[in-house]
Amino acid sequence: MTITQERLSQMEHTYSVGSNPVYYDKQNLHVLFAGQSQTIPMHQAGPKIYDYYLLHFIESGSGVFRTEHHQYALGKGDCFLIHPGQLVSYVSDKDQPWCYRWAAFTGSETDSLVLQTGFTPQKPVVTTTGDSVIPGALSSIMQAFKANKESAHLTSLGYLYLIVGEAADLLSSFSRLPGAESQVKRTVKQMIHYMASQYAHPVSIEQMCDTLGYNRAYLSRVFKQETGLSPVTYLLKLRIEKSRQLLRERPELSVEQVAASVGLTDALYFSRQFKRFCAQSPTAYRLTTTRHVKKTNQ
């Protein structure tokens, strides 16, 4: 048995994680947990689907990350982002199993945030440089959570923005292409900004297309290509997320007033769509969240 083989045979799987001490209650952006692991040879996670974003940074070693679209051989300094709803698996190398850090995050603004970085299900990997802030930021999030202070929630958001800021710089410099593709990304960002600023008004996708000066069929195609959602679904999802916030935070507002506040003037349609996305009516959702808050405060 060689020295390397002997070391590998004695290697233990180490695992450490810290969870956000602040309960996730459908915030716009929320870091759920962060951790670190030294894996053993051929350690595999998945195939499985996550319902949140999960970012990994490889500190040492190597392995393979598989998505529904591609397979990536990765090593030290690489990051890979798992998108919610995507079937993925990842396995460490048999000779040099990887050690990585990770953080999971969710919330109504995550899709927009991730899209701004340049991460997509078709492009979930970025290679960092030697002075990357990402491993230190991930470590700081984990340590903040382990301190178990409620201020760790805000601290984690600051570090998350540092992480996605660096990823955006790396991905934009790597994939800045002339012509059609860069124009597509700019157009999709315009659409997201438009919907984020106008969702409270009874605007339609047709009005947005007219405002931006593009054909609806073209915009629908490129938007779904970049985000995985149609513009109609994205706008509706945005409105429902905003309505949940109002239902929780503004108990004096009626369901009709909440619907109108997110740009849906037909309260019956709003209630149907709310139940479609949340599996319960707006009234039931408000009652459930109110009970939870009261129970937590007791």
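Biologist: How many of the five residues of strand 5 are buried?
Modeller: Four of them are buried, and strand 5 is mostly covered. Buried means under 20% relative accessible area, exposed means over 50%, and partly exposed lies in between, with a 1.4 Å probe and protein chains only. Strands here are DSSP runs of E with at least two residues, helices are runs of H or I with at least four, and both are numbered from the N terminus.

Biologist: Before we go on, what kind of model is this?
Modeller: It is a predicted model, in which local features need pLDDT of at least 70 and side-chain atom pairs count only at pLDDT 80 or more, while totals for chains, interfaces and linings use all residues. Residues are numbered from 1 along each chain as its sequence is written, and side-chain values use heavy atoms, with hydrogens and water left out.

Biologist: Back to strand 5, then. Which strand is joined to it by five bridges?
Modeller: That is strand 6, residues 71-75, which runs antiparallel to strand 5. Two strands count as paired if DSSP finds at least two bridges between them. Strands 5 and 6 form a hairpin with four residues between them, and Arg66 has Gln71 in strand 6 as its bridge partner.

Biologist: And how many bridges join strand 5 to strand 8?
Modeller: Four, again in an antiparallel arrangement, with strand 5 covering residues 62-66. Phe65 stands opposite Tyr90 of strand 8, while Gly63 has Ser92 as its bridge partner there.

Biologist: Which sense of pairing do strand 3 and strand 8 show?
Modeller: Strand 3 and strand 8 pair in the antiparallel sense, over four bridges. Ala45 stands opposite Tyr90 in strand 8.

Biologist: Why is strand 8 described as largely enclosed?
Modeller: Five of its six residues are buried, so the rest of the structure largely encloses strand 8. Ser89 belongs to this strand, which spans residues 87-92. Ser89 counts as buried because its relative accessibility is 7%.

Biologist: What is Ser89 in contact with, leaving aside its neighbours within four places in sequence?
Modeller: Its contacts are Gln44, Ala45, Gly46, Pro47, Val64, Phe65 and Arg66. Contact means heavy atoms within 4.5 Å.

Biologist: Pro47 is on that list. Is the peptide bond from Gly46 to Pro47 cis or trans?
Modeller: That bond is cis, with omega near 5°. Pro47 itself sits in strand 3, residues 44-49. As background, most peptide bonds are trans, and most residues other than glycine have a negative phi.

Biologist: Where is Met42 found, and what is its phi?
Modeller: Met42 is in the loop between strand 2 and strand 3, and its phi is positive, near 65°. Asn148 is not a glycine either, yet has a positive phi of about 60°. Asn148 lies in the loop between helix 3 and helix 4, the latter being residues 152-175, and is exposed, with a relative accessible area of 56%.

Biologist: Changing topic: what is the strand order in the open sheet of six strands?
Modeller: The order is 1-2-9-4-7-10, with antiparallel pairing. Strand 1 (14-19) and strand 10 (125-127) are the edges, each pairing on one side only. The twist averages 15° from one strand to the next. Strand 7, residues 78-82, is joined to strand 10 by three bridges, and Asp78 stands opposite Thr127.

Biologist: Which strands does helix 3 lie across?
Modeller: Helix 3 (residues 134-146) lies across strands 1, 2, 4, 7 and 9, and runs at about 110° to strand 2. Such angles run from 0 to 180 degrees between N-to-C directions, with axes fitted as lines to C-alpha atoms, for helices over the stretch in contact.

Biologist: What about the whole protein: how many helices and strands are there?
Modeller: The protein has eleven helices and ten strands. Of its 298 residues, 47% are buried.

Biologist: Last topic, the largest pocket. Which residues lie nearest its centre?
Modeller: Tyr53, Gly107, Thr110, Asp111 and Lys237 do, out of 43 lining residues. On a 1 Å grid over the protein atoms alone, a pocket is an open set of points where a 1.4 Å probe fits, with protein on both sides within 12 Å along at least five of seven lines, and lining residues have an atom within 4 Å of a point.

Biologist: Which helix gives the largest share of the lining?
Modeller: Helix 2 does, with seven residues. Helix 2 (110-117), helix 5 (180-198), helix 7 (216-227) and helix 8 (231-249) each supply at least two.
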